[in-house]
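Subject: Structure for you to look at

Hello,

Here is the structure I promised. Please open it and keep it beside you while you read my notes.

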Amino acid sequence: MDENSAIRPSILITGCSSGIGHAAAHRLARRGWQVVASARRAGDVARLRREGLQAEQLDLDDDDSIRKGLAAALERTGGRLDALFNNGAYGQPGAVEDLSRAALRAQLETNVLGTHELTRRVIPVMRAQGGGRIVQNSSVLGFAALPFRGAYVCSKFALEGLTDALRQELRGSGIHVSLIEPGPITSRFRDNAYQAFLRHIDTEHSAHAETYRAVAARLAGEGAATPFTRRADAVVDKLIHALEARRPRPRYYVTVPTHLFGLLRRLLSTRWMDAVLLRATRSERTPLSPPDRCPPDRRK
């Protein structure tokens, strides 16, 4: 047990090797939190420790690793855990028709099932101590589907549904549950997605072979990033409010696309929303097909 843990609020963060998790771990540590940063690879855990963080290995694809990682975190904090930030995830690009069962299962294992297993193990700890904060890092793709991101969309829609139910079930327990929904954020997310794309998608024999050339170029880093891309600290700003505010919000939007799509989803019919989302991603795909150019009708 850390000698200062009794006077510092404690938090376990997943996916701290880079990006949002890495930024959150360092910033919260500077704010006085006792941070236990976790990562899947032993090499990343060692690097996080060299950076001055308390860190443990935790692989969301492995129940035993989740159990051991949480136990190690609780040993550091003296058995208390004031907050959990479920940040660890990756994206599996590809058309829905090209997703094998194995590819979709792998996406759900990390982004939903592993996160769920860790969360359900943390809840009894928080119940015993009388409260806590659980923050799920979702995405704009948790409520607005974009083409060629079906596996990731599926995982984030599922995470949001589980979280909404959990929030209602924990009402009155002292455990607050929040979702953060970022749009484009500067991170290594695209690099990891590119590796998943190469591993699972048979581009040569797909009906979308031409489109996949543009997808591969985007994932490989060719072309400029969207002007709406924000730094990881934009997410950490919302995380701090979710952790420290007396009444944390159920949802936090981050980036212009999230705010815009959230508004349009409430105002537009499904057909009009499809048209907007297809237009937003037209540079990623083949030239617009006739259905894309036709004005959608107003029926759901």
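Asp62 caps the N-terminal end of helix H3. One of its side-chain oxygens lies 2.9 Å from the backbone nitrogen of Asp64. Bear in mind that this is a predicted model.

H3 covers residues 63–77, which makes 15 residues. From first C-alpha to last, H3 reaches 21 Å. That is close to the 21 Å expected at 1.5 Å a residue. After the helix comes Gly78, with a positive phi near 75°.

Which residues of H3 are buried? They are Ser65, Ile66, Gly69, Leu70, Ala72, Ala73, Leu74 and Thr77. Their cover includes strands S1, S2 (34–39) and S3 (54–57), plus helix H4.

Now turn to strand S4, residues 83–86. In a regular strand, side chains alternate between the two faces of the sheet. Both faces of S4 are covered. Ala83 and Phe85 are buried on one side, and Leu84 and Asn86 are buried on the other.

S4 also has strand partners. Strand S1 (residues 10–13) runs parallel to S4, joined by three bridges. Look for Leu12, which stands opposite Leu84. Strand S5 (residues 132–137) pairs with S4 too, again in the parallel sense, over four bridges. There, Val135 is the bridge partner of Phe85.

Last, what do S4, H4 and S5 make together? They form a right-handed β-α-β unit, with H4 spanning residues 101–129.

Best wishes

How values were computed: Residues numbered from 1 in each chain as written. Predicted model: local features only at pLDDT ≥ 70, side-chain atom pairs only at ≥ 80, totals over all residues. Heavy atoms only, no water. Buried < 20%, exposed > 50% of the residue type's maximum accessible area, 1.4 Å probe, protein only. Helix = DSSP H or I, 4+ residues; strand = E, 2+ residues; numbered from the N terminus. Pairing = 2+ DSSP bridges. Right-handed = clockwise from strand over helix to strand, strands pointing away. Expected span 1.5 Å × (residues − 1). Contact = heavy atoms within 4.5 Å. Polar contact = N/O pair within 3.5 Å; in protein donor to acceptor, adjacent residues only side chain to side chain.
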